[in-house]
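I opened a new notebook page for this structure.

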Amino acid sequence: MTEVVITGLGALCHLGAGVDRFWQGLLDPVPPTPAVAPDPLAHVPIPAFYFLPEGALPECPETVDGLAIGRATRAALAVAQEAVSDAGLNEADGARTAVLFGSSIADAYVIEQWRGTKSFPEDDRWTPVFATASVVARELGAHGTASTFSNACSGSGYSMATGADMIRAGEADVVVAGGFETYSRVAHAAFNQVGALDPDSCRPFDATRGGTVLGEGAGAVVLERADAARARGARVYATLTGSGWSCEAYHATGLDPEGGQIVRAMRDALAEAGCTPDDIDFVVPHATGTKLNDLIETQAMYGVFGERTPQIPLHSLKALIGHTGGASGGLGVVAAALFLHHGVMAPNLPVAHPDPECRVRVPVGRTPVGRIGMVNSYAFGGNNMSLLLRGESR
């Protein structure tokens, strides 16, 4: 099977713009300072401590071919450009380069602003909110496939798995893949309606957890054929060795309490990578901080890793950056690639009140890691994705 490697990274979240700030924020985690963002039309308090900082988004035309470009697309463009530059692919063959991005609601806020202010464009032109991948591809000069996935909060995981499959199938030589999400009042209202928001903070695996907190962010990687990357002397962060996909078909928003399809996704990723459960050195779990999600994911990990589960270090990323929706898997993969590249997993924010029903290891110190990590992403609609990364020999 064709080996697919990660040669470029891009990251953006409340920690700052760029992979360097992301990495430093992971190494020295600081609990976010509570704040509430004003939006008189939201009808629900909006914790603003996971919002992008001022100046984090790149300059971008307000319209492309007459279509409005919002903050979400600008976030995707920022991480795509950083990942391509990091990979040293400014002269990449555009015809053999694809762009795949995932998002839950993409640029829906553009329409929300128009409706809220009643300031629609003069020509009342219809604007698709999922044009992001096309805009990014145009800016990068990539003329291969351009597709924006809407697999809810696992969208970036699907974009990366699909990108790897495209390379293995000979449909592309390079894929810029990732996910993005920025504020939407409709998304906040929807999460609030299903009782999934915590008014204080995102506290995965904490007995007092009350839900998740939505954050803004974007994450991207450059995927390449390993032989081509190594031939040009590219730095390789990790190899994307396997992916596992499954769909529960159980409920529009709720997880199947049996967790069978989550187990299946992890096992399929292991099988594709030619690994066993004992090979996994760390996991970046989905871990949203909702009562049911954390419990079911814990039980699913026990179903795959057995009694070894409490020994496997987890990195609870959402406790630090919030639930970045369609970007969460992408930022999880960026984090995992950095852990493998540096040989150390960044510390977690402490779990103040560990849930006895979630017996997992969430270390608060820097933890040496081996060569293989797993990243899990789950989503409304039962869209499950597990990805396996293998680090380079050190």
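I began with C275, which is buried at 16% relative accessibility. Buried means under 20% relative accessible area, exposed over 50%, and partly exposed in between (1.4 Å probe, protein chains only). This is a predicted model, in which local features need pLDDT of at least 70, side-chain atom pairs count only at pLDDT 80 or more, and totals for chains, interfaces and linings use all residues. Residues are numbered from 1 along each chain as its sequence is written, and side-chain values use heavy atoms, with hydrogens and water left out.

I then looked up C153. With 7% relative accessibility, C153 is buried too. How many disulfides does the structure hold? I found zero. A disulfide needs a pair of cysteine sulfur atoms within 2.5 Å. For C153, the closest cysteine sulfur is in C202, 12 Å away, so that is too far for a bond.

**Aromatic rings.** I counted five aromatic pairs. Rings of Phe, Tyr and Trp (its six-membered ring) pair if their centres lie within 6.5 Å; planes under 30 degrees apart are stacked, over 60 edge-to-face, and the rest tilted.

One of the pairs is F51 with Y183: the centres are 5.7 Å apart and the planes stand at 35°, so I noted it as tilted. This pair links distant parts of the chain, 132 residues apart. F51 sits in the loop between α1 (19-27) and β3 (63-64), and Y183 in the loop between β7 and α6. Helices (H or I, at least four residues) and strands (E, at least two) are DSSP runs, numbered from the N terminus. F51 is partly exposed at 22%, while Y183 is buried at 8%.

Next came Y158 and W245. Their ring centres are 4.9 Å apart and their planes are at 85°, so the pair is edge-to-face. Here too distant parts are linked: Y158 is in helix α5 (residues 155-168) and W245 in strand β9 (residues 238-247), 87 residues apart. Y158 is buried at 6%; W245 is partly exposed at 32%.

I also noted one aromatic cluster, formed by W23, F282 and F339.

**Serine 184.** Where is S184? I found S184 in the loop between β7 (174-181) and α6 (185-193). Is S184 buried or exposed? S184 is buried, at 2% relative accessible area. Leaving out residues up to four places away in sequence, S184 touches I105, Y109 and E112. Contact here means heavy atoms within 4.5 Å. The side chain of S184 also reaches the backbone nitrogen of A187, at 3.1 Å.

Key
A polar contact is a pair of N or O atoms within 3.5 Å; within protein, one must be able to donate a hydrogen and the other to accept it, and residues adjacent in sequence count only if both atoms are side-chain atoms.
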